[in-house]
Amino acid sequence: MTLAGMPPVVARRQVAPRLMLEDPILRMTGVEKSFGDVTALSGVDATVYPGEVLGIVGESGSGKSTLLRMMNLEDTPNHGHYHLALPDREDSDLFSLDRFERRMLRARHIGIVYQNPHLGLLMNHTSSGNVAERLLVAGERNFAELRRRARASLDASEFPLARMDARPAELSGGMQQRVQLAKAIALEPTLLLLDEPTTGLDVSVQALVLDTLKRLLRERRMTMVIVSHDLGVIRTMADRVMVMRGGAVVEEGLADQIFQDPQHEYTQQLVHAKL
Ligand SMILES: Nc1ncnc2c1ncn2[C@@H]1O[C@H](COP(=O)(O)OP(=O)(O)O)[C@@H](O)[C@H]1O
Ligand SMILES: [Mg+2]
């Protein structure tokens, strides 16, 4: 795949004044990733500010999930740097960490919800056990505390507590996403990553899960990156939007401006196809 001939990135509006008051929580620069002949990411920069929701939109294959996996330290790029502002560690390039350090950092500071619940959950453990596992990794050992905290997190995700000992394999898709969400927020992560969290759910269930996310955003100070190929999802959730195509960012800006006045031809096509 080649990016030659693509118009330059349009990024004339960067950050809402409200958000510019604080330094970024996440800074990723110059990220390149190839799988054999396929260039999945090409020179991607991403910035996320505390308390905002960054939406990443683009058609299937544009590199969204690959980028989110990098943010979750699951994968390492061929080139690039990654900095997170964390309370308990000095600033350093997270791509240089070893597997153990990555795992600890991820457990303590990053939560993720995947489109495919098999990636995020042990389908044959109990739902409460899946949430408790995250607490265990962070050092909680007391059984009663594990159960209390797992329950509280499931409740915050609006999971029906009567089913907390059911296995995800027995639950509906919407419920499985709520278990993933409960696990992701159990330790109040610095960064919550969501990769197509409602794709494949019935429209009515999708709306309910998005409502839960919005409620959590209102009640907790959370910083979120949500990836979707669905512009409607991005529109209801995001403060700021990054538009990806062919492994590159073609446009970024405030959500209202991207939707009302898209500058890049590709974004214009996306927005107008949706209206
Ligand atoms: N593990 C992998 N092995 C080979 N190719 C991959 C792998 N992961 C992603 N790709 C390729 O990288 C490109 C971007 O994929 P992806 O990040 O999943 O896009 P999106 O999430 O936007 O649909 C696609 O061409 C995809 O086929
Ligand atoms: Mg994807």
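A crossing of two helices is called right-handed if the near helix is turned clockwise from the far one by less than a right angle, and left-handed if anticlockwise. Keep that handy for the second stop.

Before you click: this is a predicted model, where local features need pLDDT of at least 70 and side-chain atom pairs count only at pLDDT 80 or more, while totals for chains, interfaces and linings use all residues. Residues are numbered from 1 along each chain as its sequence is written, chains are lettered from A and ligands numbered from 1 in the order in which they are written, and side-chain values use heavy atoms, with hydrogens and water left out.

**Stop one: ligand 1**

Select ligand 1 and show its shell (residues with a heavy atom within 4 Å of it). Among the residues you'll see are Phe35, Val38, Glu59, Lys64 and Arg69. By type, the shell splits into three nonpolar, six polar (Gly counts here) and three charged residues.

Helix 2 gives the shell its largest share, four residues. Strand 2 (38-48) also supplies at least two.

Zoom in on the polar contacts (N or O pairs within 3.5 Å). One ligand oxygen atom sits 2.5 Å from a side-chain N or O atom of Thr66. Polar backbone atoms of Ser62 and Gly63 each lie 3.1 Å from an oxygen atom of ligand 1. On its own the ligand exposes 560 Å² (Shrake-Rupley, 1.4 Å probe), and the protein buries 61% of that.

Select residues 173-185 and 203-219, helix 7 and helix 8: their axes (lines fitted to C-alpha atoms over the stretch in contact, with angles from 0 to 180 degrees between N-to-C directions) are 10 Å apart, at about 15 degrees. The pair is therefore roughly parallel (under 35 degrees). Helix 7 passes helix 8 in a right-handed crossing.

Note on methods:
A polar contact is a pair of N or O atoms within 3.5 Å; within protein, one must be able to donate a hydrogen and the other to accept it, and residues adjacent in sequence count only if both atoms are side-chain atoms. Angles under 35 degrees count as roughly parallel, over 145 as roughly antiparallel, 65 to 115 as roughly perpendicular and the rest as oblique.
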